[in-house]
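Colleague: I have the sequence and the 3D view open, and I'd like to go through a few local features with you. Could we take them one by one?

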Amino acid sequence: MSREQLVVQQARKSFLTGKTKPLEFRIHQLKSLLRFISERRGDITYAVKRDLGKSEKGTELFETLGLEGEIELAVEKLAEWAAPRPVEKNFLTLTDEVYVQPEPLGVVLIIGAWNYPWAITLQPLVGAIAAGNAAVIKPSEVSSHSAKVMEELLHKYLDKDLYPVVTGGVAETQELLKQRFDHVFYTGNSTVGRLVMEAAARHLTPVTLELGGKSPCYIDKSCDISVACRRITWGKFVNCGQTCIAPDYILCEPSIQSRVVEEIKKCIKEFYTENPKTFEDYGRIINQRHFKRVMALMEGSTVAAGGDSDESQCYIEPTVLQDVTGESKVMKEEIFGPLLPIITVSGVDEAIQFINEREKPLVVYVFSHNNKLIKRVIAETSSGALLANDCLVHFTVSALPFGGVGNSGMGCYHGRHSFDQLSHLRSCLIKQLKMEGVNSMRYPPHTAKKLGWARFFLLNRLNVCGLQRMAMLAMLAGLAAFVVQRFLR
């Protein structure tokens, strides 16, 4: 029996004891996870620095701050999320108890990504714990230092049987995927996503696939180009461009292309100084394989800004490319690096057409003062999210479901969406063994004669909450009339 098989077996055995069912247990584990982040902040920062060259402030801002917020929200709202959810009734079920009851799925496999090795791996874990599941955590082997810290330290804070960390590479991941899970949550690229989905299908296991793609960014010529380029520059080059929701390429009219290039060059200098290579808050490409892949994408395009590199340090300067077309090499795959191509279009019509001719992206970005234009882009394109006049910040809103559509993924998470994604929303109806006369319409013989009554009872929904509000208003109106009458006397 393989190590992976033993780990999954132990997680399921521990889950079946029912220890994750009480909300008190879940809250204790969530608070322990929060304590882990607080007490091991130095270990986390050091690991991320070695993996991605990220600064201490950068790690806190992009790795742990949002994670802490997710945990605190789950602790605060768990009782509300886990409570039975009443639903509308029809007249046939008027006296019955009808509700949706969230319940744990079982054992969840979480396969993390290397670009944000803590935030992306542990945020789904927050949802898994809150929903009452066991979870096997598989951090990416590419961010090896973070994976090692997670393996060595997380079990000191969380229940080691319910939330084990399994490290290793492709072979270990493949062995994990041979096991039966109740849900698989994968973050990464669409190629591996297909393999994960194929493996899960053998056990009829549902999946959440948080993938990526080429997220377009349309700049309307009438907008404040200086502000737009400032926000795009930040969104593109943070984490050295290794962000799944980074703007992948710019669409704009030829008349503003030169202005866009100049504004982005100014912002790169402002954000990362004259020499980004020596600037603390500008990171590195994760490894030499990805360095070579990103550098190769520049072939056939004109470098309008940047372009410097150092393979020994996996350093690529923030780079803007122009004279790019839809057939250019850089447009054939998600860039996932600090290259920003600019493609010229005649206007919003061609921009929408260009977007729709390609796979559905994780995000569509649009910069414009024109609200009608923004709403048109929303109406005529499809993507996991749409963000107007900024970049990345929708990821920070826990109330928004984060996820893709089509080639950019399936399923969503963050806040309550994580809880629901990793729960079974069980339909419950509790009827009394009384009022059999009402039920007789559904029994034979002569069912057809009773069809009219059946239509009335089954098709007329009863909004109990609405009736309760009406009753309350009636009571208040009666009370007000009584008070007024007493006052007039």
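This is a predicted model: local features need pLDDT of at least 70, side-chain atom pairs count only at pLDDT 80 or more; totals for chains, interfaces and linings use all residues.

Colleague: Is Leu392 buried or exposed?

Modeller: Leu392 has a relative accessible area of 8%, and because buried means under 20%, this residue counts as buried.

Colleague: And what is the phi of Leu392?

Modeller: The phi of Leu392 is near 70°, which is a positive value in a residue other than glycine. As background, most residues other than glycine have a negative phi.

Colleague: Which loop holds Leu204, and what is its phi?

Modeller: Leu204 sits in the loop between helix H8 (190-201) and strand E7 (207-210), and its phi, near 55°, is again positive in a residue that is not glycine.

Colleague: Buried or exposed, that Leu204?

Modeller: Leu204 is exposed, because its relative accessibility is 77% and the cut-off for that class is over 50%.

Colleague: Switching to strands, how many bridges join E3 to E18?

Modeller: Eight bridges join strand E3 to strand E18 (residues 423-430), and the two run antiparallel. As one example of facing residues, Glu103 stands opposite His424 in E18.

Colleague: What about E1 and E3, in which sense do they pair?

Modeller: Strand E1 (residues 85-86) and strand E3 (residues 97-104) pair in the antiparallel sense, over two bridges, and Pro86 has Tyr99 in E3 as its bridge partner.

Colleague: Last topic, the surface: which residues make the nonpolar patch with Met472?

Modeller: Met472 makes that patch together with Leu473, Met475, Leu476, Leu479, Phe482 and Val483, and the patch covers about 730 Å².

Colleague: Where does Met472 lie, and how accessible is it?

Modeller: Met472 lies in helix H17 (residues 464-488). Its relative accessible area is 46%, so Met472 counts as partly exposed, the class between the 20% and 50% cut-offs.

Key: Residues are numbered from 1 along each chain as its sequence is written. Side-chain values use heavy atoms; hydrogens and water are left out. Patches are made of residues with over 30% relative accessible area and no salt bridge: like charges are joined within 9 Å, nonpolar side chains (Val, Leu, Ile, Met, Phe, Trp, Tyr) within 5 Å. Accessible areas come from the Shrake-Rupley method with a 1.4 Å probe; for residues, only the protein chains shown count as cover. A salt bridge is a side-chain nitrogen of Lys or Arg within 4 Å of a carboxyl oxygen of Asp or Glu. Helices (H or I, at least four residues) and strands (E, at least two) are DSSP runs, numbered from the N terminus. Buried means under 20% relative accessible area, exposed over 50%, partly exposed in between (1.4 Å probe, protein chains only). Two strands pair if DSSP finds at least two bridges between them.
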